[in-house]
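Here is a short tour of a protein chain, written for someone meeting a structure like this for the first time. Keep the picture beside you as you read.

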Amino acid sequence: MSGHDHQNSVRNDHDHESRIADLLAQMTVEEKLGQLQQLAWAWDTGPGGGDTAAAEAAARKGLLGSVLNVVGAEASNALQRIAVEESRLGIPLVFGLDVIHGYHTTFPIPLAQAAAFDPAVTAADAEVSAREARSNGIHWTFSPMMDVTHEPRWGRIAESIGEDPYLTSAYAAAKVRGYQGDDLAASDRLAACAKHFAAYGGAEGGRDYNTVDVSEQRLRNLYLPPFKAAVDAGAATVMAAFNTISGVPAHANSHTLSGILKESWGFDGVVVSDWTGVQELIAHGSAADEAEAARRSLTAGVDMEMVSTTFVDHGRELLASGALTEERLDDAVARVLRLKLRLGLFERPYVEESAAITGPTLAARAAAREAAGRCMVLLRNEAGTLPFDPAALRSLAVVGPFADSGDLLGTWTLPGAPEAVTVLAGLREALPDTEITHAEGASAEGTDPSGIAAAVAAAEAADAVVLVVGEAPALSGEAAVRSELGLPGAQERLVAEVAATGTPCVVLLVAGRPLTIGAWADQVQAVVMAWHPGIEAGTAVADVLTGAVVPGGKLPVTFPRSVGQVPLYYNHERTGRPYDPAAPEVKYVSRYLDVEDGPAYPFGYGLSYTTFETGAPRLDHERITAAALEAGATVEVTVPVRNTGDRTADEVVQLYVQDPAASIAQPVRRLRGFSRVRLAPGEERQVRFTLGAEDLGFWTEDPAGVFLVEPGEIHLHTGTSSRTTATRTLLIT
């Protein structure tokens, strides 16, 4: 039964459940297990490979539920026809792909998007990506990655929203809605996948796939909130994580997958494994063989297996032995069918090949350019070096290994995606009357200093120099872990020697993670963190350096002074020593003997080309009962902010809470509100935040999940970074 005889393209949940029950009644055990299998298409040459013939054969027999890495409308339609027109029941396939920050149109990496402190940026990425990918036959993206991390050595920090669960939660909801819209069956929408569930960002030492040993309260207070936000926003799927969670691999963790996700949160979508994640239970030492791996993963709550085939190979024997119940098998199959019904695949399994989007449109490029500009963070700007005045800048040297490089797209870029506009090209277009020279100076990772002399000569002959340094995209992303966070190769020497010329020097940092910014930062006039800005890198950089866009981004992650300080994050817990009652928030931290205390740049930090003043926070009432909060009452916080400079610009007003005395020691600060506002010179605005129980309480260590709002003082801090000092006290009785 193909499903084409249904008249209406959009089904409500009741219709879907009826259809699911009808299909389950017709399916053999092998067909049910087949729906739980996802295979990889041939273009992917990673571990496990991709077997086109195997996927076609399984689809023909009705023994395949999904394929990942099929690229293009023609290829997806061809494989879909086999499943729909040649298999016994005609159940369509769902096609997945890692569309992380763009399909054709590559937006800034997710960590960069976080720096905008504006969820609309990630929603725009998701909407453009969904439109392009769905037109090419993709139904399902393995995004957003919602892993909170305190570990900049970890390469996948580039794919994250950084170190804060509140900011990550806001971005999770926005990206899910951007991908999915109001109707998953629409021709311009994708099913989202919140990953990696859970605590993957806590990998020990920043080494990818590594152990995570985490308390229940840390799991619930730090790592789980973004996933709850994604589920509440309607995320269609969730992906299990590669790591263990306190000794139990995430792919076999019934507490997280079933107890929390499916039972407590009521998630009715698909839990998909990561690439061979089920089979890897053997490598974890958690399963003796593939049959046990299949049993542990299925019974824990994984519904679909990516690439490895333990479910289909051993599912029948597990049923026969009673190790797997028919009820659990049918639940997993129902979840896969529900996804396909919500995507409208039974009614419209194919895409119109002539309508496939084959490259970035002008509108998509414009959206990517705007996003990149909003993501850049001004870290230093001495004596108003920036923005450049195009009318006064006669000559400019653009130097460094990434000055004329199109390799600025970042990690997780799809094959065939156009290269980025180079910084050199962007500046030449923006400054047509300025004489612009170029010298590489040093390669991205090489130690050969022989090219530095040419860069120095170019700098000496120019009115100003833009030095584009950092790390290549290949140095961040999955399994791309660094033990050092400085500029690779000879780049630090390049910066030092160019800065020594005395020519006003702007350093543009491109990277997928926080970098340790050495002594050279004090020798240059300006530093801009551009991240990996995507397809419109050069034009967006030119917008910021010339002042067409005033930078308003803030750091979504702490920048350490030294890699030896890592992990270093703003929302740390207090220690008992050292203790200074006169400055408790500054002194409640252990420190190193050989490096100045604290970060180079804190979370939430970022400068502008104008200046702002924020006033002290005001509360609509300064006393409230815990019972009232638990019943839904809220506290409104108002913060005045004024542009005291001479340029229209954005400021990000931030609200942090601190519980100074709690039954479980709380972080020194927790972000619980942010608002990016644009103000004209002299303009003032009242920014309002609303705090409820979820902002003022915390989860306890109880594995059943107990949330407390305790009586006592709550300190509220508002301003423009995590180091703000404006404070008001709320009393909970």
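A cavity is a set of grid points where a 1.4 Å probe fits but cannot get out, and its lining residues have an atom within 4 Å of one of those points. The model you see is predicted, and a search of the whole structure finds 2 cavities of 30 Å³ or more. Let us begin with those and then turn to a sheet, a ring pair and an annotated domain.

**The largest cavity**
- The largest cavity has a volume of about 80 Å³.
- It is lined by 14 residues, and those closest to its centre are Q35, G62, L63, S87 and I91.
- By class, this lining is made up of 8 nonpolar, 4 polar and 2 charged residues.

**The second largest cavity**
- The second largest cavity holds about 70 Å³ of space.
- Which residues line this second largest cavity? They are I100, P110, T122, S143, P144, M145, M146, E159, I161, Y171, A172 and K175.
- Helix α7 (residues 165–180) gives the largest share of this lining, with 3 residues.
- The lining of the second largest cavity divides into 8 nonpolar, 2 polar and 2 charged residues.

**A sheet of three strands**
- Look next for an open sheet of 3 strands, which has the order β5-β6-β9 and parallel pairing.
- Strands β5 (193–197) and β9 (270–272) stand at the edges with a single partner strand each, so one side of each has no neighbour in the sheet.
- On average, neighbouring strands of this sheet are turned by 25 degrees against each other, direction ignored.
- Strand β5 pairs with β6 (residues 237–240) in the parallel sense over 3 bridges.
- To find this pairing in the picture, look for F197, which stands opposite A240 in β6.

**Aromatic rings**
- The whole structure contains 15 aromatic pairs.
- Why is the pair of Y200 and F242 edge-to-face? Planes over 60 degrees apart count as edge-to-face, and the planes of these two rings are at 65 degrees, so the pair falls in that class; the ring centres are 6.3 Å apart.
- This pair links distant parts of the chain, 42 residues apart: Y200 is in the loop between β5 and α8 (216–223), and F242 is in the loop between β6 and β7 (244–245).

**An annotated domain**
- An unreviewed UniProt entry places the feature "domain: Fibronectin type III-like" at residues 651–722.
- Over residues 651–722, the chain is 53% strand and 6% helix, and its end C-alpha atoms are 14 Å apart.

Methods:
Residues are numbered from 1 along each chain as its sequence is written. This is a predicted model: local features need pLDDT of at least 70, side-chain atom pairs count only at pLDDT 80 or more; totals for chains, interfaces and linings use all residues. Side-chain values use heavy atoms; hydrogens and water are left out. Two strands pair if DSSP finds at least two bridges between them. Helices (H or I, at least four residues) and strands (E, at least two) are DSSP runs, numbered from the N terminus. Axes are lines fitted to C-alpha atoms, for helices over the stretch in contact, and angles run from 0 to 180 degrees between N-to-C directions. UniProt positions are given in the numbering used here, feature names are shortened, and annotations may be inferred rather than shown by experiment. On a 1 Å grid over the protein atoms alone, a cavity is a set of points where a 1.4 Å probe fits but cannot get out, and a pocket is an open set with protein on both sides within 12 Å along at least five of seven lines; lining residues have an atom within 4 Å of a point. Grid points are joined across faces, edges and corners, and a volume is the space filled by probe spheres set on the points. Ala, Val, Leu, Ile, Met, Phe, Trp, Tyr, Cys and Pro count as nonpolar, Asp, Glu, Lys and Arg as charged, and the others, Gly among them, as polar. Rings of Phe, Tyr and Trp (its six-membered ring) pair if their centres lie within 6.5 Å; planes under 30 degrees apart count as stacked, over 60 as edge-to-face and the rest as tilted.
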